[in-house]
Amino acid sequence: MTDTAAYPQTDLRTGALDDWRRYRGVRTRRIMSFILDYTFVLLLSLPAAFVVFLLGIVSFGLGWGLYAVLLPVVAILYVGFTMGGRTQATPGMRMAGVEVRRLDGEAMDPPLAVLHGVLFWASTSVLTPFILLVSLFTRRKQLLHDLLLGTVIIRRH
């Protein structure tokens, strides 16, 4: 069988998440998806910044205060609607060939997807990026926020 051999197509509640092939190369793919996703967030922020600029003009400068929250708001909307959507993955995750799953087999919803992103940023900001080394010691290559939320990143079928 090749590296891209089909994974068990069974319901994820029946133990398919324990298949070791689902985690092969996940750390590298997560890094790639992070770079891709935040490139997309930055690109999406450009038209949003233009809208804020126009709001600042019509509000005599008051709208320009929105620049302080522009990037976090764009990132939250991006993660909520993509990872919390039907595909269970951001565009960067899809391009890298991974998706997020809850350990209980239920679908990821937008609030949980946003919390997943916020906890990632909080853990790396407060505990330094060295917290990412947690994935070296977990069976499913989970990070701290994955462990707290009961989620896992797996390779796509």
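**Reading the model: R27 and beyond**

Guide: Let us begin with R27, which is partly exposed at a relative accessible area of 31%. Buried means under 20% relative accessible area, exposed over 50%, and partly exposed in between (1.4 Å probe, protein chains only). This is a predicted model, in which local features need pLDDT of at least 70, side-chain atom pairs count only at pLDDT 80 or more, and totals for chains, interfaces and linings use all residues. Residues are numbered from 1 along each chain as its sequence is written, and side-chain values use heavy atoms, with hydrogens and water left out.

Visitor: In which helix is R27 found, and which residues does R27 touch, not counting residues up to four places away in sequence?

Guide: Helices (H or I, at least four residues) and strands (E, at least two) are DSSP runs, numbered from the N terminus. R27 belongs to helix α1. Contact means heavy atoms within 4.5 Å. Leaving aside residues up to four places away in sequence, R27 touches S135, L136 and K141. The R27 side chain also reaches the backbone oxygen of S135 at 2.9 Å; such a polar contact is a pair of N or O atoms within 3.5 Å, where within protein one must be able to donate a hydrogen and the other to accept it, and residues adjacent in sequence count only if both atoms are side-chain atoms. The C-alpha atoms of R27 and Q142 are separated by 9.0 Å, although these residues are 115 residues apart along the chain.

Visitor: Is S33 buried or exposed?

Guide: S33, also in helix α1, counts as buried at 7% relative accessibility. Not counting residues up to four places away in sequence, S33 touches G92, M93 and A96.

Visitor: How does one read the span of a helix, and which residues of α4 are buried?

Guide: The expected span is 1.5 Å times one less than the number of residues. Helix α4 (residues 110-126) has 17 residues and reaches 24 Å from first C-alpha to last, close to the 24 Å expected. Its buried residues are L112, A113, H116, G117, F120, S123 and T124. These cover an arc of only 145° around the axis, which puts them on the same side of α4; the arc is that of the directions from the helix axis to the C-beta atoms. On the other side of α4, P111, S125 and V126 are exposed.

Visitor: Against which elements do the buried residues of α4 pack?

Guide: They pack against α1 (26-58), α2 (67-82), β1 (98-102), α5 (144-149) and β2 (151-155). Helix α2, in turn, has buried residues that pack against α1, α3 (91-96) and α4; among them are L70, V74 and Y78.

Visitor: How many salt bridges does the structure hold?

Guide: A salt bridge is a side-chain nitrogen of Lys or Arg within 4 Å of a carboxyl oxygen of Asp or Glu. The structure holds five. In one of them, D146 pairs with R30, with the closest N and O atoms 2.7 Å apart. D146 lies in helix α5 and R30 in helix α1, so the pair ties together parts that are 116 residues apart in sequence. Both D146 and R30 are buried.

Visitor: Which residues are linked in a network of salt bridges?

Guide: The network links E99, R101 and R156. Within it, the side chains of E99 and R101 meet at 2.8 Å, N to O. E99 is buried at 4% relative accessibility, whereas R101 is partly exposed at 21%.
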